[in-house]
Amino acid sequence: ENSTKGQTIGILLILGQSVMSVFQDLSEELFMQEADFPPALLVGMEGFYGLLIAVILYFPIAPLFGEQPSNVGNDLTESKIIGLSIGWALLVTITGIFNIAATGVTSSMTRNVWKNLRTCLIWI
């Protein structure tokens, strides 16, 4: 039963990510091509709102998966986790700026094709 529950949760998460990805791509294209937003500002706005939504969702959902939100503060005091968090944030920011700049030059559909090809090249 746990396996079926896990598979169902996985499928729902994948479907939810797919729907949200479409909304993100449409909004990026709208802002980049219609409103002429700078890529760094758009990445910053996406990051801020993404963090805000994640924090709001984390606290009620974490206990359902066996996580204790009260332990987050203790984990964030470890230097290894701080370093990994900063590195991850920088990597995502730089990648996001390049992705959005590519959307400004072409389109979100073209960017998504290239992103999928990039994944294929990594696995080859």
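User: Contact means heavy atoms within 4.5 Å. On that basis, which residues in α4 meet α5?

Analyst: In this predicted model, the α4 residues are Thr95, Asn99, Ala102 and Thr103. Their partners in α5 are Ser108, Arg111, Lys115 and Arg118.

User: What classes of residue make up that contact of α4 with α5?

Analyst: Four are polar, three are charged and one is nonpolar.

User: At what angle do α4 and α5 pack?

Analyst: The angle is about 135 degrees, and the axes lie 8 Å apart. That makes α4 oblique to α5, because an angle has to be over 145 degrees to count as roughly antiparallel and 65 to 115 to count as roughly perpendicular.

User: α5 also touches α1. Which residues meet there?

Analyst: From α1 there are Asp25, Glu28 and Glu29, and from α5 there are Ser108, Met109, Arg111 and Asn112. By class, that contact has four charged, two polar and one nonpolar. Ser108 and Arg111 of α5 also take part in the contact with α4.

User: How do the axes of α1 and α5 run?

Analyst: They come within 9 Å and cross at roughly 130 degrees. So α1 is oblique to α5.

User: Next pair, α1 and α2. What is the angle?

Analyst: About 145 degrees, with the axes 11 Å apart.

User: Changing topic. How much space is in the largest pocket?

Analyst: About 1600 Å³.

User: Which residues lie nearest its centre?

Analyst: Gln24, Glu46, Gly47, Gly50 and Val92, out of 39 lining residues.

User: How many residues of the lining are nonpolar, polar or charged?

Analyst: The lining of the largest pocket has 20 nonpolar, 13 polar and six charged residues.

Key: Residues numbered from 1 in each chain as written. Predicted model: local features only at pLDDT ≥ 70, side-chain atom pairs only at ≥ 80, totals over all residues. Heavy atoms only, no water. 1 Å grid on protein atoms, 1.4 Å probe; cavity = no way out; pocket = protein on both sides within 12 Å on 5 of 7 lines; lining within 4 Å. Points joined across faces, edges and corners; volume = space filled by probe spheres on them. Nonpolar A, V, L, I, M, F, W, Y, C, P; charged D, E, K, R; others polar. Axes fitted to C-alpha atoms, helices over the stretch in contact; angles between N-to-C directions. Helix = DSSP H or I, 4+ residues; strand = E, 2+ residues; numbered from the N terminus. Parallel < 35°, antiparallel > 145°, perpendicular 65-115°, else oblique.
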